[in-house]
Amino acid sequence: NRTNNALFICAIIFSILFLAIPILLKLPCLQNLIKLFLNRMGPYKASYFEACGAMIGSFLAVISAIWIQNRSEAKQRNDAIKKYATIVYFDIDKFYRENDIFVLCFIDLHQSYAQHKKSKEYIIKKFEQWRQYASIFIDQEWISTVAELGAVFDKQTIDDIYSFYGKVEYIKGKLDRVIEPSCDDIKMIASHLHNIGEKKTYYRPNQTILAILEKLDDLIKTLD
């Protein structure tokens, strides 16, 4: 931290000044003052310099050890944050890249049902056919992973990331575990998909998710 860095710099400065005493003795403006000081010390000059040298050496050794330890801990923290940011980035990015076709078909299917163009039986049958094409894989420890990023992101960003994971977890649960899906299940899945994405020529992240991806990418590059 800044305090340790300042102490380390001070220790170096004091060490340089101590070692530079022979040179300082040759400066006319300081020569008489230093000689007067040393003369008053009498026979204790050698002991004084030994004590000063030992104190400065010990101080510098302790501060150096603390400084090195803090640097090591800071690197470990940065490496950990980069790891978690990378996990979240690729979880989000992969969700949109690997589920584009399924989501587009699913949204069209739900719209057909909402507009009463297709029967419930047809909607559920198509859902059963298409859900096998879904590919949703996210970090199983996503709650703790996102929490680790709380030290570098504001609360709103963390809440938005949690919201994304929560919706994706819900969708994944419905796709993986519901044996007999209902139209209400399909409606809820479609609602969550609308909340985290936009249907253009392809399914893509909405502005909130795009902002998260940008922040994650900037953070990862900063920690390289």
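Start with D139, which is buried but has no salt bridge; K83, the nearest side chain of opposite charge, is 8.6 Å away. Buried here is under 20% relative accessible area, exposed is over 50%, and partly exposed is in between, with a 1.4 Å probe and protein chains only. A salt bridge needs a side-chain nitrogen of Lys or Arg within 4 Å of a carboxyl oxygen of Asp or Glu. For charge, Lys and Arg count as positive and Asp and Glu as negative, while His and the chain ends are not counted.

Before going on, the conditions. This is a predicted model, where local features need pLDDT of at least 70 and side-chain atom pairs count only at pLDDT 80 or more, while totals for chains, interfaces and linings use all residues. Residues are numbered from 1 along each chain as its sequence is written, and side-chain values use heavy atoms, leaving out hydrogens and water.

Back to D139. It is in the loop between α6 (120–130) and α7 (142–148). Helices (H or I, at least four residues) and strands (E, at least two) are DSSP runs, numbered from the N terminus. What does the side chain of D139 make a polar contact with? The side chain of T145, at 2.6 Å. A polar contact is a pair of N or O atoms within 3.5 Å; within protein, one must be able to donate a hydrogen and the other to accept it, and residues adjacent in sequence count only if both atoms are side-chain atoms. Leaving aside residues up to four places away in sequence, D139 touches I87, D91 and T145, contact being heavy atoms within 4.5 Å.

Now the fold. The protein has ten helices and two strands, in the order α-α-α-α-α-α-α-α-α-β-β-α. It has 224 residues, of which 33% count as buried. Among contacts with a separation of 6 or more, 72% come from residues 24 or more positions apart.

Last, the rings. The whole structure holds eight aromatic pairs. Rings of Phe, Tyr and Trp (its six-membered ring) pair if their centres lie within 6.5 Å; planes under 30 degrees apart are stacked, over 60 edge-to-face, and the rest tilted. W142 and Y165 have ring centres 5.1 Å apart and planes at 5°, so this pair is stacked. W142 is in helix α7 and Y165 in helix α8 (residues 155–177), so the pair ties together parts 23 residues apart in sequence. Both W142 and Y165 are buried. The F164 and Y165 rings, with centres 5.6 Å apart and planes at 75°, are edge-to-face. Ring pairs link F95, Y96, W142, Y162, F164, Y165 and Y203 into a cluster.
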